[in-house]
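This report describes how parts of one protein chain pack together. Have the sequence and the 3D view open while reading.

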Amino acid sequence: MSRIAAVATALPSHAYPQQAITDLLAPIVAHDPRKQALMRRMHASSRVATRHLVLPLEEYRDALTFGQTNDRFVEEGTRLAESAVRRALAEAGVRPDEVDLIVFTSVTGLSAPSVDALLVPRLGMREDVKRMPMFGLGCVAGASGIARVHDYLEGHPEDVALLVSVELCSLTVQKDDDSVDNLVASGLFGDGAAAVVLVGAARAAGVHGPDVVATRSRLYPGSGSVIGFRPSETGFRVILTAGVVDVIDANFAADATAFLTDHGLGVPDVATWIAHPGGPKVLDAFQRGLDLPAGALDRSWASMAAVGNLSSSSVLHVLADELRAPHDDHQMGLLFALGPGVSAELVLLRWPEAAEALAAA
């Protein structure tokens, strides 16, 4: 097994209440007063109270090209990633030159060399560090990133690995696009980054975070048009349909319970649920499908209210909040997310014995 040593988050300094964002975007996104009214209702029902934006709010009035927004993604995204990584490494007690693998994920910008390559000299990592940038997984990538890092560490138990997620979703909001997809997305998604330090089993002694026990991936055929992005002349145009909830209702509970059963567990055996806050209807579908007790997804709801949906970074922000809470020995947790495909990733977690960690430390 691998073990999570630290999770750190980073947010842009520009933070605004939902109403202020709505007031600025409504006349830019929708010219029809009826569509503006619909947009306002959607934003108000999103359960998002505040969002952090990579640009000052007034700059979203500007008609930026795809190239200009992508330049901002590379510049600001690298800066946010560096902040999150430095904090995560410090919390884990790991030097940058001890990192053996860095996995980077984003779906809101492009660069070659990728952001992980830009981070290596800025952080003082080794020149032989292994790198694996991932693009296209969207909201599921935070969970998938942990799973793929875990796969690597199973074969490299003495190594240290780093997962970095940066999502600047506000740069993808389309002006003059009053489609329902864009109206919903413009009120739900925020900007942020996260970094996770994981260690192989041979280095886990003294590390207080949870073990990654097992992972499972699912890809649901015929759902490719449900959620995603379409590249266009002005950037990434979001695809965000009501079909996401239908996919969850039809598949997720059975997949999650089967995964738990394969490890001798049932839903009542899981004390900690770390769900990607994809939106109110998504969280309600998770709760309903798994028949979870009241309050089981409170951290996901709280994260969505505080910063919005951060795509791949969101579930890592929820995980960071969860790691600050006390946990019992051998407490089980399930971290999960859905993204384009539609794809799902489940990560089974178990907290170690406190006495074991203290003795090793």
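Which residues does V197 touch, not counting residues up to four places away in sequence? In this predicted model, V197 touches R3, I4, A5 and A6, then A88, L89, A92 and V94, and also V160, A161 and L162.

**The nonpolar cores**

V197 is among the residues with the most contacts inside the largest nonpolar core, together with Y60, V85, L119, L162 and V164. This core has 47 residues. Several elements give two or more residues to the core: strand 1 (2–10), helix 1 (18–29), helix 2 (33–44), helix 3 (66–92), strand 4 (101–106), helix 4 (115–123), strand 6 (160–168) and strand 7 (191–199). Helix 3 supplies the largest share, 7 residues. Another core, of 44 residues, lies apart from this one, and V245, F252, L338 and L346 are among its members.

**Pairs of packed helices**

Two packed helices are described by the angle between their axes and the distance between the axes.

| Helix pair | Angle between axes | Distance between axes |
|---|---|---|
| Helix 3 and helix 4 | about 55 degrees | 10 Å |
| Helix 5 and helix 10 | about 70 degrees | 7 Å |
| Helix 8 and helix 9 | roughly 180 degrees | within 11 Å |

Helix 3 and helix 4 pack at an angle of about 55 degrees, and they are therefore oblique to each other. Their crossing is right-handed. On the side of helix 3, the residues that meet helix 4 are F73, V74, T78, R79, A81, E82, V85 and R86. Helix 4 contributes V115, L118, L119, R122 and L123. Sorted by class, this contact has 8 nonpolar, 1 polar and 4 charged residues.

Helix 5 (residues 141–155) and helix 10 have an angle of about 70 degrees between them. An angle from 65 to 115 degrees counts as roughly perpendicular, so the term applies to helix 5 and helix 10. G142, A143 and I146 of helix 5 make the contact with V315, L316 and L319 of helix 10. The residues here divide into 5 nonpolar, 1 polar and no charged.

Helix 8 (residues 280–290) and helix 9 cross at roughly 180 degrees, and they are therefore roughly antiparallel to each other. P280, L283 and D284 in helix 8 meet S300, W301 and M304 in helix 9. By class, the contact of helix 8 with helix 9 has 4 nonpolar, 1 polar and 1 charged residues.

**Helix 6 and L188**

How many of the 9 residues of helix 6 are buried? The number is 7, and the helix is mostly covered. The buried residues are D181, N182, L183, A185, S186, G187 and L188. They pack against helix 1, helix 2, strand 3 (50–53), strand 10 (235–240) and helix 9 (298–307).

L188 lies in this helix, which covers residues 180–188. L188 and H150 are 38 residues apart in sequence, and their C-alpha atoms are 30 Å apart in space.

T105 is found in strand 4. With 1% relative accessibility, T105 counts as buried. Apart from neighbours within four places in sequence, T105 is in contact with M134, A141, L163, V164, S165, V166 and S312.

S311 is placed in the loop between helix 9 and helix 10 (314–323). Its relative accessibility is 3%, and S311 counts as buried. Beyond neighbours within four places in sequence, the contacts of S311 are V107, G138, C139, E167, C169, F189 and H276.

L171 is found in the loop between strand 6 and helix 6. At 10% relative accessibility, L171 also counts as buried. L171 and L24 are 147 residues apart in sequence and 15 Å apart in space, taken from C-alpha to C-alpha.

Note on methods:
Residues are numbered from 1 along each chain as its sequence is written. This is a predicted model: local features need pLDDT of at least 70, side-chain atom pairs count only at pLDDT 80 or more; totals for chains, interfaces and linings use all residues. Side-chain values use heavy atoms; hydrogens and water are left out. A nonpolar core is a set of buried Ala, Val, Leu, Ile, Met, Phe, Trp, Tyr and Cys residues joined through side-chain atoms within 4.5 Å. Buried means under 20% relative accessible area, exposed over 50%, partly exposed in between (1.4 Å probe, protein chains only). Helices (H or I, at least four residues) and strands (E, at least two) are DSSP runs, numbered from the N terminus. Contact means heavy atoms within 4.5 Å. Axes are lines fitted to C-alpha atoms, for helices over the stretch in contact, and angles run from 0 to 180 degrees between N-to-C directions. Angles under 35 degrees count as roughly parallel, over 145 as roughly antiparallel, 65 to 115 as roughly perpendicular and the rest as oblique. A crossing is left-handed if the near helix is turned anticlockwise from the far one by less than a right angle, and right-handed if clockwise. Ala, Val, Leu, Ile, Met, Phe, Trp, Tyr, Cys and Pro count as nonpolar, Asp, Glu, Lys and Arg as charged, and the others, Gly among them, as polar.
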